[in-house]
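Subject: Structure handover

Hello,

Here is the structure for you to look through. Please open it first, then read the notes below.

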Amino acid sequence: MNSNGFRITKKISDRLINLIDIIFGVVVAHSFMIIFVANQSNSKLQLNSYLLLFLAYTAIVLSWMGYHKMMVYNFYKQNKYGYLRFSLDILLVFLYAVLLYSYDNSIRFFSILPIIFFIYTIGGILRNKEYNNNVSWPKGSLMFTGLFTINFLIYYIWTHLKINYNIFLFNVICGLTFIYLIWYRWKREKKGFKK
C-alpha cells in the first residue's frame, strides 16, 4: 500500500474508532441514568447490583483502554477482515450495554461474559488474518472464555439447586470475575499489541 493509500485507510479507521467511542459513551452515560432512576424509585439498588455494576464498569473501562492501545498498531484495514472486526466491535459495545443493564439479573450478567470473551477470540483470529501475522492473542481469549463459562455454569447450577449460602457463592464468583478481568488485561498487555 502506498503512503497515500495508507493515510486514507488510517483516516477511515480513525473515523470508525470515533464512532465506536461515541457508542461507548452513550452506553455508559445511559447506564448512569438507569442507576439514577432506580435509586430515585421505590426499588433502590441492592448491594449485589452495585457489585455487578462495578464489575461491568471494570470490564468496559479495561476493554476501552485495551481497544485503543491495540488500535494504535492494528487499525481497521479496508478489507473483509477489517470490516468484520469493526462489526464485531460494534457487537461488543452492544454486549457491554447488556452487561451494564443486567445489574439486577446475576444469571444473565454471568452468562454474557463468556460470550464477550468468545467474541474477543474471533476478533483476535480476524486481526491475525488482517495483518498476516500473530498480532493478537486468540488462544488466551479462548482460555478466558472457558474460565468465564465455568464461573457461569457453577453459579447457574448452584442457584437452580437452591443450595444455601447463595450470597457466599455470588461473592466468590464476583471475586473470580474481577480477578479474571484484571488477569486477562495483564496477560494481554504482556503479549503486546505489535509484532
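Which residues in α2 meet which residues in α4? On the α2 side they are L52, L55, A56, S63, M70 and Y73. On the α4 side they are S106, F109, F110, Y120, R127 and Y131. Bear in mind that this is a predicted model.

**Overall layout**

The protein chain has 6 helices and 0 strands. Along the sequence the pattern reads α-α-α-α-α-α. The chain has 195 residues, and 45% of them count as buried. Take the contacts in the chain with a separation of 6 or more: 76% of these come from residues 24 or more positions apart.

**α2 and α4**

Back to the helices in the opening question. Two packed helices are described by the angle between their axes and the distance between the axes. For α2 and helix α4 (residues 106-131), the angle is about 5 degrees and the axes are 12 Å apart. Angles under 35 degrees count as roughly parallel, so α2 is roughly parallel to α4. The residues of this contact divide into 9 nonpolar, 2 polar and 1 charged.

S63 is one of the α2 residues in that contact. Helix α2 spans residues 47-73. Is S63 buried or exposed? S63 is buried, because its relative accessible area is 8% and the cut-off for buried is under 20%. Leaving out residues up to four places away in sequence, S63 touches F24, Y96, Y120 and R185.

Y131 is among the α4 residues of the contact. K77 lies over the face of Y131. The distance to the ring centre is 4.4 Å.

**The loop between α3 and α4**

Two residues here are worth a look. D104 sits in the loop between α3 (80-100) and α4. D104 counts as exposed, at 54% relative accessibility. D104 and N48 are 56 residues apart in sequence, yet their C-alpha atoms are 7.9 Å apart in space.

Y101 also has its place in the loop between α3 and α4. Y101 is partly exposed, at 26% relative accessibility. Which residues does Y101 touch, not counting residues up to four places away in sequence? They are V27, H30, S31, I34 and R108. One of these, V27, is 74 residues from Y101 along the chain, and the two C-alpha atoms are separated by 9.7 Å.

**α5 and α6**

How do these two helices cross? The axes of helix α5 (residues 138-160) and helix α6 (residues 166-191) come within 10 Å. They cross at roughly 175 degrees. Angles over 145 degrees count as roughly antiparallel, so α5 is roughly antiparallel to α6.

From α5, the contact uses G140, S141, M143, F144, L147, F148, N151, I154, Y155, W158 and T159. From α6, it uses N166, L169, F170, I173, L176, T177, Y180, L181, W183 and Y184. These residues divide into 15 nonpolar, 6 polar and no charged.

**Aromatic pairs**

How many aromatic pairs does a search of the whole structure find? It finds 20. A pair of aromatic rings is described by the distance of the centres and the angle of the planes.

Start with Y155 and F170. This pair is tilted, at 6.2 Å centre to centre with 55 degrees between the planes. Y155 lies in helix α5 and F170 in helix α6, so the pair ties together parts 15 residues apart in sequence. Y155 counts as buried, at 6% relative accessibility. F170 counts as buried too, at 3%.

Then take Y180 and W183. The ring centres are 6.5 Å apart and the planes stand at 40 degrees, so this pair is also tilted. Y180 and W183 are 3 residues apart in helix α6, which means about one helical turn separates them. Y180 counts as buried, at 12% relative accessibility. W183 is partly exposed, with a relative accessible area of 35%.

Y180 and W183 also belong to one aromatic cluster.

Best wishes

Key:
Residues are numbered from 1 along each chain as its sequence is written. This is a predicted model: local features need pLDDT of at least 70, side-chain atom pairs count only at pLDDT 80 or more; totals for chains, interfaces and linings use all residues. Side-chain values use heavy atoms; hydrogens and water are left out. Axes are lines fitted to C-alpha atoms, for helices over the stretch in contact, and angles run from 0 to 180 degrees between N-to-C directions. Helices (H or I, at least four residues) and strands (E, at least two) are DSSP runs, numbered from the N terminus. Angles under 35 degrees count as roughly parallel, over 145 as roughly antiparallel, 65 to 115 as roughly perpendicular and the rest as oblique. Contact means heavy atoms within 4.5 Å. Ala, Val, Leu, Ile, Met, Phe, Trp, Tyr, Cys and Pro count as nonpolar, Asp, Glu, Lys and Arg as charged, and the others, Gly among them, as polar. Rings of Phe, Tyr and Trp (its six-membered ring) pair if their centres lie within 6.5 Å; planes under 30 degrees apart count as stacked, over 60 as edge-to-face and the rest as tilted. Buried means under 20% relative accessible area, exposed over 50%, partly exposed in between (1.4 Å probe, protein chains only). A charge sits over a ring if NZ of Lys or CZ of Arg is within 6 Å of the ring centre and within 35 degrees of the ring normal.
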